[in-house]
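Hello,

Here is the structure I promised to pass on. Please open it alongside this message; my notes follow.

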Amino acid sequence: MKKIEAIIKPFKLDEVREALSALGVNGLTVTEVKGFGRQKGHTELYRGAEYVVDFLPKVKVEVVLSDDLVDRAIEAIVNGARTGKIGDGKIFVFDVAQVVRIRTGEMGEQAV
């Protein structure tokens, strides 16, 4: 099993969710996060004063799935999140040693 964490632009969340649902992904976790990479933030005006916004709003999508779905899930996320502009985000893939469904006690692939 693998865990995929994708940091994407907030307005692309619905497209990514729909693309993952089309693959049969049953559940995911979404967290509002802030950060920066090469984008380095931007400058804004507020009440006549200019200030730098270092941390930009992003969304982190987390999903755990079987190894055979990973490549297709990555492709779905990339296609759903891509704008072609700087700041589209990143995808990280981790190995998952164990999963336990708390309610039933199911373990492994059955718990996903």
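The face of helix 2 that points away from its buried side holds two exposed residues, Asp-71 and Glu-75. Bear in mind that this is a predicted model.

Now the other side. Val-70, Ala-73, Ala-76, Ile-77, Gly-80 and Ala-81 are the buried residues of helix 2. They sit on the same side of the helix, because their arc around the axis is only 125 degrees. What do they pack against? Their partners are strand 1, helix 1, strand 5 and strand 6 (89–95).

The length of helix 2 checks out too.

Next, the core. The largest nonpolar core has 16 residues. Ile-4, Ile-8, Val-16, Leu-20, Leu-65 and Ile-77 have the most contacts inside it. At least two core residues come from each of strand 1 (2–8), helix 1 (13–23), strand 5 (56–65) and helix 2 (70–81). Helix 2 gives the most, with 5 residues.

Take Leu-20 as an example. Leaving aside residues up to four places away in sequence, it touches Val-25, Leu-28, Val-61, Ala-73, Ala-76 and Ile-77.

Last, the strands. Strand 1 runs antiparallel to strand 5, joined by 7 bridges. Strand 1 also runs antiparallel to strand 6, again with 7 bridges. Glu-5 shows both pairings: it stands opposite Glu-62 in strand 5, and its bridge partner in strand 6 is Phe-92.

Best regards

Definitions and conventions. Residues numbered from 1 in each chain as written. Predicted model: local features only at pLDDT ≥ 70, side-chain atom pairs only at ≥ 80, totals over all residues. Heavy atoms only, no water. Core = buried A, V, L, I, M, F, W, Y, C linked by side-chain atoms within 4.5 Å. Buried < 20%, exposed > 50% of the residue type's maximum accessible area, 1.4 Å probe, protein only. Helix = DSSP H or I, 4+ residues; strand = E, 2+ residues; numbered from the N terminus. Contact = heavy atoms within 4.5 Å. Arc of directions from axis to C-beta. Pairing = 2+ DSSP bridges.
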